[in-house]
Amino acid sequence: MTDITTARKAFDLFAQGWTSGNFDPYIAMLAEEMMFWFPMGSHRGKFSGPAGRQQMIAKCRDHEAAGDRLTFSAPQYVLSNDTSVIFEFEAEGLYGGKPYQGHNAIAFEIQGGQVVGFREYFGDLGA
């Protein structure tokens, strides 16, 4: 069974990174090798191993540098199975220099107290 407590910690630290602009506590939870999937933009694609970790860190650093700031609501749904914990929540704030408000879902895979998988799904970013 997936470690829901550790996944919740990862979610909370990721959310704090968006609010504060400091993702370092979240990055400290990443395994050296992980799967990263993101649906659009410069980090679009599915990456695994060390490249997955590098893409996750690059995404965080890009948001820090861009001044992107979002506030996440408390998760409305938390779903889990043997490999993943998915958090569904609302987010609002500034993304890409524009106001953003949407419904999002992030799936974390946890092993040995570390994030080994990250998949993100989000609402309309205004094409």
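A cavity is a set of points where a 1.4 Å probe fits but cannot get out. Keep that picture in mind as we walk through this model, which is predicted. Rolling a probe the size of a water molecule over the atoms shows where empty space is left.

The structure holds one cavity of 30 Å³ or more, and the volume of the largest cavity is about 60 Å³. Eleven residues line the largest cavity, and those nearest its centre are L70, Y95, N104, E120 and F122. Two elements, α3 and β6 (98–111), each give two or more residues to this lining. Sorted by class, the lining of the largest cavity has seven nonpolar residues, along with two polar and two charged ones.

Next, look for the open space. The largest pocket holds about 160 Å³. Among the residues lining the largest pocket are F38, H43, K59, D62, H63 and Y95. Helix α3, which spans residues 50–66, gives the most to this lining, with four residues. The classes here are four nonpolar, four polar and three charged residues.

Finally, find M34 in strand β1, which covers residues 30–38. Is M34 buried or exposed? M34 counts as buried because its relative accessible area is 2%, and buried means under 20%. Beyond its neighbours within four places in sequence, M34 is in contact with several residues, including F47, R53, M56, V115 and F118. G117 is another of these contacts: M34 and G117 are 83 residues apart along the chain, yet their C-alpha atoms are separated by 5.4 Å.

Definitions and conventions: Residues are numbered from 1 along each chain as its sequence is written. This is a predicted model: local features need pLDDT of at least 70, side-chain atom pairs count only at pLDDT 80 or more; totals for chains, interfaces and linings use all residues. Side-chain values use heavy atoms; hydrogens and water are left out. On a 1 Å grid over the protein atoms alone, a cavity is a set of points where a 1.4 Å probe fits but cannot get out, and a pocket is an open set with protein on both sides within 12 Å along at least five of seven lines; lining residues have an atom within 4 Å of a point. Grid points are joined across faces, edges and corners, and a volume is the space filled by probe spheres set on the points. Ala, Val, Leu, Ile, Met, Phe, Trp, Tyr, Cys and Pro count as nonpolar, Asp, Glu, Lys and Arg as charged, and the others, Gly among them, as polar. Buried means under 20% relative accessible area, exposed over 50%, partly exposed in between (1.4 Å probe, protein chains only). Contact means heavy atoms within 4.5 Å.
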